[in-house]
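Good morning, everyone. Please look at the chain on the screen while I talk.

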Amino acid sequence: VSYRDRLTAYAKDAKEELADVVAFSNAVAERLNFDTSLSIELPLHRVLGPLRFLRLFLDQIFNSVVIVLVTHGCLTIFALLLADASARTYEYGMLRVLGMGRWSLGAILLLQALYYALPGVALGLVAAGFASVPILDLISSFAELPSDSSFRPSAIFVTILVGLWMPLLGNLPPLRRVLFSTLSTSLDLYHKASAETTVTFRRLESLGLDPAVTAVMAGMVIAGGTVYYVIPMSFIFQDLDLLFATLTAILIATIAGFILLATLLQPLAERMVVRAIIWGPDRKFLDVVIKNLHAHAPRSRHTALIFTSSLAFIVFAGAMFSLQAEAIVANLKVALGSDLRVESQLGGLNETALSRVLNRDKARPRGERIVEDFAWASWPMWNVDPPIWTTRISNLVRFPRSYGA
């Protein structure tokens, strides 16, 4: 029986595709009457099973790409807005002197963030639409399937959500700096943020929890819950999507931890490089160079963070694609067992005669032989005539009880 909408069904996710196929098989069974002794098989669904692992791996790669791109976008917008806020600190201070409130300045910065976001979202959707047309046509011609270049509603929603929230989140540190800086600091043309000293008085009773300690505790709780609860739950419910997503999140978190460690070591590495390359008469400029490095530390930190994360992602993506190439071959071997598989529908194969022929070809030199190796697999017991559907495993006296196998 051919499924009329099988292309639409098999193009869906694994759970939705299985639900559609089950609904179709139930409809066929209802038409044939449930009293009839019938056995329903789904050959196309069974053949596509090993390919779902490839789809899961590719989904994790694409999700990792999206996470890295969003993170880089936040860092870039944050660096742009922070540099703009630093350059226009005097201007914002003069506006406050002329009577503009802090919240009005905050609204200006938010509108500036939307000025980056709205055109970016619009241009991104248009560029993605035009860029996807030739790629989809190429895939359609290769797979001989109709192509659909329209965006899904979920894709448009995620694009708008990320495009609006990304600059707003990146705007929080510059906004805080503009709103909570004093007039004397804003109007000081020679003021440097890296050289300022802040003294804060707090009562011991109002200290509460340290934000850094709280963040570390929350991260450890989330990591422990993920390892001890989420991963076993994905095995119990056989939810491979959840399993691969969890493992990818753990791997990305590990890479992010190494990136933060590298960022902490960046100032020490800068000073070591400066002391290593400045020699001789230029040694007297060492303090000046170190002082300028300290003055440009925030921007250098942002640049180093983006560079380190990009380099880490390149290594991560290369390892992932290499893993996918090996996983594809491994899944095909698991599904098929070999490059060539011979089955008999009328009875067992003549193992003695076939083994003699295969061993004769296998004994030839490597350049002349066709068969590298071969193996035999026994029939399932329910294919024996008469079929054996149930087996019991126990001791001779069947005590305490026998176990079904």
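Let me start with one term. A polar contact is a pair of N or O atoms within 3.5 Å; within protein, one must be able to donate a hydrogen and the other to accept it. Keep in mind that this is a predicted model.

Now find the start of helix H11. There, a side-chain oxygen of Asp239 comes to within 3.4 Å of the backbone nitrogen of Asp241.

H11 itself runs over residues 240–277.

Which residues of H11 are buried? Among them are Leu243, Phe244, Thr248, Ile252 and Ile259. Let's pick Thr248. Its relative accessible area is 10%, so Thr248 counts as buried. The cut-off for buried is under 20%. An α-helix has 3.6 residues a turn, so residues three or four places apart point the same way.

Next, the surface. Phe157, Val158, Leu161, Trp165, Leu169 and Leu172 form a nonpolar patch there. Together they have about 620 Å² of accessible area. Which helix gives the most to this patch? Helix H7, residues 153–170, with five residues. Val158 sits in H7. Val158 has 44% relative accessibility, so it counts as partly exposed.

Last, the charges. Side chains of opposite charge can pair when their charged atoms come close. How many salt bridges does the count come to? Four.

Take Asp361 and Arg364. They form a salt bridge, with the closest N and O atoms 3.7 Å apart. Asp361 is buried, because its relative accessibility is 12%. Arg364, at 43%, is partly exposed.

Asp373 and Lys362 also meet in a salt bridge, at 3.1 Å from N to O. This pair links distant parts of the chain, 11 residues apart. Lys362 is in helix H14, while Asp373 is in the loop between H14 and strand E1. Asp373 is exposed, at 55%. Lys362 is partly exposed, at 29%.

Then there is Glu372 with Arg366: their closest N and O atoms are 3.4 Å apart. Salt bridges that share partners join Arg366, Arg369 and Glu372 into one network.

That's my tour. Thank you.

Methods:
Residues numbered from 1 in each chain as written. Predicted model: local features only at pLDDT ≥ 70, side-chain atom pairs only at ≥ 80, totals over all residues. Heavy atoms only, no water. Helix = DSSP H or I, 4+ residues; strand = E, 2+ residues; numbered from the N terminus. Expected span 1.5 Å × (residues − 1). Buried < 20%, exposed > 50% of the residue type's maximum accessible area, 1.4 Å probe, protein only. Patch = residues over 30% accessible without salt bridge, like charges linked within 9 Å, V, L, I, M, F, W, Y side chains within 5 Å. Areas by Shrake-Rupley, 256 points an atom, 1.4 Å probe, with all protein chains shown as cover. Salt bridge = Lys/Arg side-chain N within 4 Å of Asp/Glu carboxyl O.
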